[in-house]
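Trainee: Could you walk me through how to read strand pairing and helix packing in a model like this one?

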Amino acid sequence: MPDNTSEKTPISLLGLGAMGTALARTWLAAGHPLTLWNRSPGRSAALAADGARVASTAAEAVAENGLVVLCLLDDASVGDALADADLTGKDLVDLTTTTPAEARERARWAAGRGARFLDGGIMAIPSMIGTPGSGGYVLYSGSRELFEDRKDVLTVPAGTKYVGADAGFAALYDVALLSAMYGMFAGISHAFALVREEEIEAGEFGSLLADWLIAMAPHARSSAAGPDGGDPADQDTTSPAVVAAGNATLLRTAVEQGVGTGPLTAFMAATGEDAAG
């Protein structure tokens with residue numbers, strides 16, 4: 001249950017990397033009493049000067065407050081940090097980047113030790129935390145009751161999106177969204193590689209590329225309906241033969257320009273599209 005000892009909910013935060021530090025500064029600025037622990041104690045000095053309490057062990061930090069937020073390197077680090085902590089009655093919010101399977105197993109582990117559990121996927125970089133209008137947000141999955149009880153605290157650093165009772169969903173959404181982002185970055189790099197050796201002004205090409213990608217972005221929504229769903233006006237009626245011939249042209253052009261075909265072949269393999277010729 002939420003703490004009632006202060007007008008602002010006290011928080012124990014484990015992990016002071018770049019993201020953890022950004023979270024800490026934001027909660028402190030909002031007036032939340034904060035207890036910190038980090039494997040490297042030196043990182044907490046500036047935050048202590050701003051009013052945070054620094055615990056000597058992770059177990060001590062956990063014991064201080066009912067709400068415990070973790071922002072560590074990986075799931076193994078979470079297990080190590082909490083190994084000696086009494087989690088009975090605690091609310092654990094794990095913002096560590098993990099896989100869906102790791103998040104689900106951590107939720108079972110937390111329940112077995114008497115704690116409620118939320119997994120979180122941070123869709124932001126540290127500079128976006130605590131910055132109104134930055135567009136950053138955190139995906140949450142797991143205990144809906146915990147999310148609702150602690151929502152006022154969780155929305156301080158960034159927006160929140162609850163994506164389901166399955167504790168693995170936040171991690172899955174996180175990785176799927178990042179995979180799309182990395183695919184886009186790979187495509188951008190590939191596009192610039194194609195034109196780099198030609199007499200093409202990079203800035204002008206970059207503007208065309210940005211406008212083109214913006215125009216194509218709504219395809220993400222139409223893709224959700226599948227090939228036979230959604231608005232018929234949005235469906236691609238290009239024949240498989242034309243698609244295959246076009247893909248072959250993309251591949252041949254890359255070879256002609258001396259550029260690797262990796263981003264193209266990865267996309268074609270993911271979509272099951274063949275390249276003829």
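Mentor: Strands here are DSSP E runs of at least two residues and helices are H or I runs of at least four, numbered from the N terminus; two strands pair if DSSP finds at least two bridges between them. This is a predicted model, where local features need pLDDT of at least 70 and side-chain atom pairs count only at pLDDT 80 or more, while totals for chains, interfaces and linings use all residues. Residues are numbered from 1 along each chain as its sequence is written, and side-chain values use heavy atoms, leaving out hydrogens and water.

Trainee: How many of the residues of β7 are buried?

Mentor: Buried means under 20% relative accessible area with a 1.4 Å probe, protein chains only. In β7 (residues 137-142), 5 of 6 residues are buried.

Trainee: And how do α10 and α11 cross?

Mentor: Axes are lines fitted to C-alpha atoms over the stretch in contact, with angles from 0 to 180 degrees between N-to-C directions. Helix α10 (residues 240-256) and helix α11 (residues 262-271) have axes that come within 10 Å and cross at roughly 160 degrees. The two are therefore roughly antiparallel, a word used for angles over 145 degrees.

Trainee: Which residues meet there?

Mentor: With contact meaning heavy atoms within 4.5 Å, N247, L250, L251 and A254 in α10 meet L264, T265 and M268 in α11.

Methods. Angles under 35 degrees count as roughly parallel, over 145 as roughly antiparallel, 65 to 115 as roughly perpendicular and the rest as oblique. Buried means under 20% relative accessible area, exposed over 50%, partly exposed in between (1.4 Å probe, protein chains only).
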